[in-house]
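Visitor: I have just opened this one and would like someone to walk me through it. Could you take my questions as they come?

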Amino acid sequence: GISPSNILVVTFSRAAAKEMKERFLSFTGQQYTPVTFGTFHGVFYGILKQAYGFTAANILSDEEKFGILRELTLNYGGDLAEEGDFPEEIAREISVVKGNKIALEHYYSSCCPDEVFRQIYQGYREACQSRRKLDFDDMILYCYELFVQRKDILEAWQKKFQYILVDEFQDSNDVQNELVLLICKENNVFRVGDIKQSIYGFRHAKPQLMKGLITNKKENDEVIYLSNNYRSKKMIVDFNNILFKELMNTDGFSCSYAKEDDVETGVPSQNEDNLPICFHAIFHDEIKKENDLILSKNDFKASYISHEILRKHEEENRKWKDFVVLVRSNA
């Protein structure tokens, strides 16, 4: 009995939003739906566009962003201007301050003196405002400020989006979560996520939000555990349960079970090969000299992985094509 036009489904990437919409249309046999599917930044920037008349020309490009930061570094940073990666470090810290709504006087920079950071931060915000430009974080932050300052606009969107589904909730941050709660005043929020899959800590994601909702469950809240894992073998699932219980104190939130053949979904069983899973955490005290060179932590990790691949190739007759190395970034 709910109007589809009052439902918002929000996630983190355009690809995920597109896939969810396609799955929904296929599931319901429809060609079109008034349900809104979108990303956090897409949905909230759309609200800003309606309120302020923004266009694509108001989006700050990376080239323009780093041009502003380089100029400010020359003005305030002194010798820091000669460090090639300093603008990128400053940009990350500015994003942390915005994404967590941290008061500037309470933020302590790790890449430059605090007074220098505050001058660059304020100069950057003033440059964006004078050019009427928004960066990635502003799309969320400005929408939050709009709702706080303009109750009439907030009420209009509360009337529009009465039911909200948040996908990959473990990657939400405080501002995104507060925006959802501002809009959905009846708390008709359905959150889907997995603490073990939180990968956006570097973008201020707070999986603690999800853990807090479960541990501090209100009277009308309901928790549904999706414990069957159709993707991984039992050995992998068991290993993950133990690992996360030890490392993250997530006991009671992360337990899952490897599911065998499922007649309804047609998921095949996972054949076990009984090969062991090895977990090796590299700590600072393990970093040592190799061929008289002092290795950085990343160099040491690369050296460890390389030697392990070589050992398996020679001692276990593994082919080179049997190996894959997964990393978070090209760095």
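Visitor: Which residue lies over the face of Phe169?

Guide: Arg191 does, at 5.3 Å from the ring centre. A charge counts as sitting over a ring if NZ of Lys or CZ of Arg is within 6 Å of the ring centre and within 35 degrees of the ring normal. Lys65 lies over the face of Phe66 in this sense, at 5.9 Å from the ring centre.

Visitor: Before I go on, what kind of model is this?

Guide: This is a predicted model, in which local features need pLDDT of at least 70 and side-chain atom pairs count only at pLDDT 80 or more, while totals for chains, interfaces and linings use all residues. Residues are numbered from 1 along each chain as its sequence is written, and side-chain values use heavy atoms, with hydrogens and water left out.

Visitor: Okay, rings next. How many aromatic pairs are there?

Guide: The count comes to 8 aromatic pairs, where rings of Phe, Tyr and Trp (its six-membered ring) pair if their centres lie within 6.5 Å, and planes under 30 degrees apart count as stacked, over 60 as edge-to-face and the rest as tilted. The rings of Trp157 and Phe161 have centres 5.7 Å apart and planes at 25°, so this pair is stacked.

Visitor: And is Trp157 buried or exposed?

Guide: Trp157 counts as buried at 15% relative accessibility, and Phe161 is buried as well, with a relative accessible area of 3%. Buried means under 20% relative accessible area, exposed over 50%, and partly exposed in between, with a 1.4 Å probe and protein chains only.

Visitor: Which residues do ring pairs link into a cluster?

Guide: Phe12, Phe40 and Phe44 are linked that way. Phe40 and Phe44 are also among the buried residues of helix H2, together with His41, Val43, Tyr45, Ile47 and Leu48. Helices (H or I, at least four residues) and strands (E, at least two) are DSSP runs, numbered from the N terminus.

Visitor: What covers the buried residues of H2?

Guide: The cover includes strands E1 (7-11), E2 (36-39) and E3 (163-166), along with helices H6 (138-149), H7 (151-160) and H8, where contact means heavy atoms within 4.5 Å.

Visitor: You mentioned E3. What does Tyr163 touch?

Guide: Tyr163, which has its place in strand E3, touches Ile2, Asn6, Ile7, Leu8, Cys184 and Asn188, not counting residues up to four places away in sequence. Tyr163 counts as partly exposed, at 29% relative accessibility.

Visitor: Now H9, please. Which of its residues are buried?

Guide: In helix H9, which runs over residues 208-215, the buried residues are Leu209, Met210 and Ile214. Seen down the axis of H9, they fall within an arc of 135°, so they line one face of the helix; the arc is that of the directions from the helix axis to the C-beta atoms. Helix H8 (174-183) is included in what covers them.

Visitor: Last topic, how many salt bridges are there?

Guide: The count comes to 15 salt bridges, each being a side-chain nitrogen of Lys or Arg within 4 Å of a carboxyl oxygen of Asp or Glu. In one of them, Arg150 is joined to Asp152, with the closest N and O atoms 2.8 Å apart.

Visitor: Which residues are linked in a network of salt bridges?

Guide: Glu308, Arg311, Lys312, Glu315, Glu316 and Arg318 are linked in a network. Within it, Glu316 forms a salt bridge with Arg311, the closest N and O atoms being 3.6 Å apart, and another with Lys312, at 3.7 Å. Glu316 is partly exposed, with a relative accessible area of 37%.
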